[in-house]
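Student: I would like to learn how to read the features of a protein model one at a time. Could you take me through them slowly?

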Amino acid sequence: MSNKPNRTELYELGEFRLIDRLTEPFKPTLPETIMGAGDDAAVISIGDESCLVVTTDLLLEGIHFDLTYFPLKHLGYKAIVVNLSDVYAMNATPTQVTVSIGISKRFCVEDLDELYAGIKLACERYHVDLVGGDTSSSMTGLTISVTAIGKAKMADITYRSGAKINDLICVTGNFGAAYMGLQLLEREKRIFESNQAAKPQLEGYDYILERILKPEARRGAVEMLARAKIKPTSMIDVSDGLSSELLHICKNSNVGCRVYMEKIPIDEQTAKMANEFGIDPYTAALNGGEDYELLFTVPLSEFQAVDGMEGIRIIGHIVEPKLGAFLVPPSGEEIRLTAQGWNALRNGQ
Ligand code: ADP
Ligand code: MG
């Protein structure tokens, strides 16, 4: 755009530093704005002990999804789910969504029916109402922006900033599956492009394909913790890679962490596919992204309660900030956690 001599390229800052720079001048001024930009969702007080949470995500064709292998119905479902995941990460219950779309001439009415069938399915499954949105034509492909609203008692909200020294670090589900599913789809796409007669070889990998094409948000885990009367001290959903999200918790809570490599849950299909690609399964698990699992901390006193919970694993603990954020392999030296995550800004033009 500009030819200023002091032009800084977007990738030089990276997504997180760019967001910090842009939102810095917008510190909340109203008493209702309990949390502005900087967590999984904004928190807005509604007078009594209750609050609303609000979060929004943008999905762009060619950046976040490729329609050569992404069915529109799945895409609609996923667009809702990824937003609900941010609501659950605040320990809140999603209630409404709005959906805005930009559509190029390539798409027909029936395509959008498909997209909205997926949106409807997700709304039904997660008991949320679609209450509006916006529709526009677009010069380039398909754009979907979803905003999700949720509700909670103010005292139940979990921020990224509440982790305390000695807290246990817990996760739901497993990691790296969506990333390996994506690698598989991309490989089959390349094969198909070079030989149109080739049939995609996807058998035996249904789980990792589902994790990329039709992810779910971890409602069950949030409800299970509430039933057990456990309020996490901090929580975040894992969209940019476990490593990156651990660093968000550490930075926002001003703490360090130790995560034990062999405790990180990895599904069999993820490990198998990673081996086929010559990728270390732990690299996929730590840096892959799009897992939509929850990462949270609980006080050490909750060890017994969380240790036995189905689908939840303790992977490490919180330490003093000066000890830094490290991964502990079964043998050898500790490895400093780095946020490789997605750098969406590198892919664009
Ligand atoms: P998540 O991965 O949980 O969706 P993001 O990394 O996308 O979170 O965003 C981090 C925080 O920055 C969120 O609170 C989000 O609302 C805010 N944010 C992101 N982009 C912008 C923007 N362009 N303007 C204002 N706030 C933003
Ligand atoms: Mg999030």
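Predicted model: local features only at pLDDT ≥ 70, side-chain atom pairs only at ≥ 80, totals over all residues.

Student: Which element gives the most to the lining of the second largest pocket?

Tutor: That element is α6, which gives 5 residues. At least two lining residues are supplied by each of β4 (93-103), β6 (142-153) and α6 (219-227). Sorted by class, the lining has 9 nonpolar, 4 polar and 7 charged residues.

Student: From which domains does the lining of the second largest pocket draw at least three residues each?

Tutor: It draws at least three from each of domain 1 (10-156) and domain 2 (168-336), and these are the two domains that the domain assignment gives for the protein. Their C-alpha centres lie 22 Å apart, and the contact between them takes 26 residues from domain 1 and 26 residues from domain 2.

Student: Which residues touch the most other members of the largest nonpolar core?

Tutor: In soluble globular proteins, nonpolar side chains tend to be buried together. In this model the largest nonpolar core has 67 residues, and Leu84, Ile144 and Val306 touch the most other members. Helix α2 (residues 72-88) gives the most to this core, contributing 9 residues, while the core as a whole draws at least three residues from each of domain 1 (10-156) and domain 2 (168-336). There is also a second, separate core of 23 residues, which includes Ile169, Leu246, Val259 and Ile315.

Student: With which residues is Val306 in contact, leaving aside its neighbours within four places in sequence?

Tutor: With those neighbours left aside, Val306 is in contact with Leu168, Cys170, Leu225, Ile230, Val298, Ile312 and Ile314.

Student: I would also like to read the backbone angles, so where is Lys229 placed?

Tutor: Most residues other than glycine have a negative phi, and most peptide bonds are trans. Lys229 has a positive phi of about 60° although it is not a glycine, and its place is in the loop between α6 and β8 (234-238). Tyr292 is likewise not a glycine and has a positive phi, of about 55°, and Tyr292 lies in the loop between α9 (281-287) and β10 (293-298).

Student: Is Lys229 buried or exposed, and is Tyr292 buried or exposed?

Tutor: Lys229 has a relative accessible area of 74%, so it counts as exposed, the cut-off for that word being over 50%. Tyr292 has a relative accessible area of 9%, so it counts as buried, the cut-off there being under 20%.

Methods
Residues numbered from 1 in each chain as written. Chains lettered and ligands numbered in written order. Heavy atoms only, no water. Helix = DSSP H or I, 4+ residues; strand = E, 2+ residues; numbered from the N terminus. Nonpolar A, V, L, I, M, F, W, Y, C, P; charged D, E, K, R; others polar. Domains from an automatic or database assignment. Core = buried A, V, L, I, M, F, W, Y, C linked by side-chain atoms within 4.5 Å. Buried < 20%, exposed > 50% of the residue type's maximum accessible area, 1.4 Å probe, protein only. Contact = heavy atoms within 4.5 Å.
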